[in-house]
Amino acid sequence: MATDRALRKQKKREERARKRASRRPSILVQEFWNLPNMLTLGRILIIPLFVWLTYDADPLHSLLAGLVFAVASITDVVDGYLARKWNLITVVGKFMDPLADKLIAMAALVMMVRLGRIAAWVVIVLLAREFIVSGLRTIAASEGMVIAAGQEGKWKTSLQLVGIISLCVHYVHPLDLGFQTVTVDYNQVGKVLVYLSGAFSVWSAVVYFRAFLSMLARRGAADPDAKSV
């Protein structure tokens, strides 16, 4: 009897194992489980490490925080390149990639304000721009319209990333140029770059808003009988 029960249990376990092996992974798992999305997830997971490093504002931790943010910025470029090259552009990736970018940038800017390395009003301008542009994109997408990113937005992103890295490093360090060694005040460099990114942020927000209004105007001209809501 005991042997029969053991055999029945063994058969049930084998049957469950066969069912699990034959079961196709869910669509969510298929979309999520690839290298570009794993790199994107990694950018989100290192945010607590980055915040911890910026709490101790000594030269070593500041340098490490700048390095962590730089690595996150590089992976942002790499995961986008791999997703396009390997045709792994997924709905999950489209959601996670901009989310990861905004989360780590927001964490960095907030921590820089806490440390007194950048003025709060600049961060407010930068974050307000992100909310405005994201809102316009969402509304445009819901209406079947696509607002392409302009060159000014790319300049904003580049200046902001390099500026945040410089603000993270913060302290004065020697920089070997090969033919000459100069001392660089990274906090001042970071401030200038972030201020410039703030100007490009306002410019790009205006461009996005004008493009949105232009699309609405063309749509209204194409459909004069459409009812306004």
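Which residue forms a salt bridge with Asp-79? In this predicted model, the partner is Arg-43, and the closest N and O atoms of the pair are 2.4 Å apart. The two residues sit in distant parts of the chain, 36 residues apart: Asp-79 belongs to helix 5 (residues 59-85) and Arg-43 to helix 3 (residues 35-45). Asp-79 is buried, with a relative accessible area of 3%, and Arg-43 is buried too, at 1%. Both also take part in a network of salt bridges that links Arg-43, Asp-76, Asp-79, Asp-97 and Asp-101.

Let's turn to another part of the chain. Glu-130 meets the side chain of Lys-102 in a salt bridge, at 3.7 Å from N to O. This pair again links distant parts of the chain, with Lys-102 in helix 6 (residues 91-114) and Glu-130 in helix 7 (residues 120-142), 28 residues apart. Glu-130 forms a salt bridge with Arg-129 as well, at 3.1 Å from N to O. Seven salt bridges are counted in the model.

Here is how the residues of these pairs are covered:

| Residue | Relative accessible area | Class |
|---|---|---|
| Lys-102 | 31% | partly exposed |
| Glu-130 | 17% | buried |
| Arg-129 | 7% | buried |

Glu-130 counts as buried because its relative accessible area of 17% is under 20%.

And what about charge on the surface? Lys-9, Lys-12, Arg-13 and Arg-16 form a positive surface patch. One of them, Lys-12, lies in helix 1 (residues 2-22) and is exposed, with a relative accessible area of 54%.

Definitions and conventions:
Residues numbered from 1 in each chain as written. Predicted model: local features only at pLDDT ≥ 70, side-chain atom pairs only at ≥ 80, totals over all residues. Heavy atoms only, no water. Patch = residues over 30% accessible without salt bridge, like charges linked within 9 Å, V, L, I, M, F, W, Y side chains within 5 Å. Areas by Shrake-Rupley, 256 points an atom, 1.4 Å probe, with all protein chains shown as cover. Salt bridge = Lys/Arg side-chain N within 4 Å of Asp/Glu carboxyl O. Lys, Arg positive; Asp, Glu negative; His and termini not counted. Charge placed at Lys NZ, Arg CZ, Asp CG, Glu CD. Helix = DSSP H or I, 4+ residues; strand = E, 2+ residues; numbered from the N terminus. Buried < 20%, exposed > 50% of the residue type's maximum accessible area, 1.4 Å probe, protein only.
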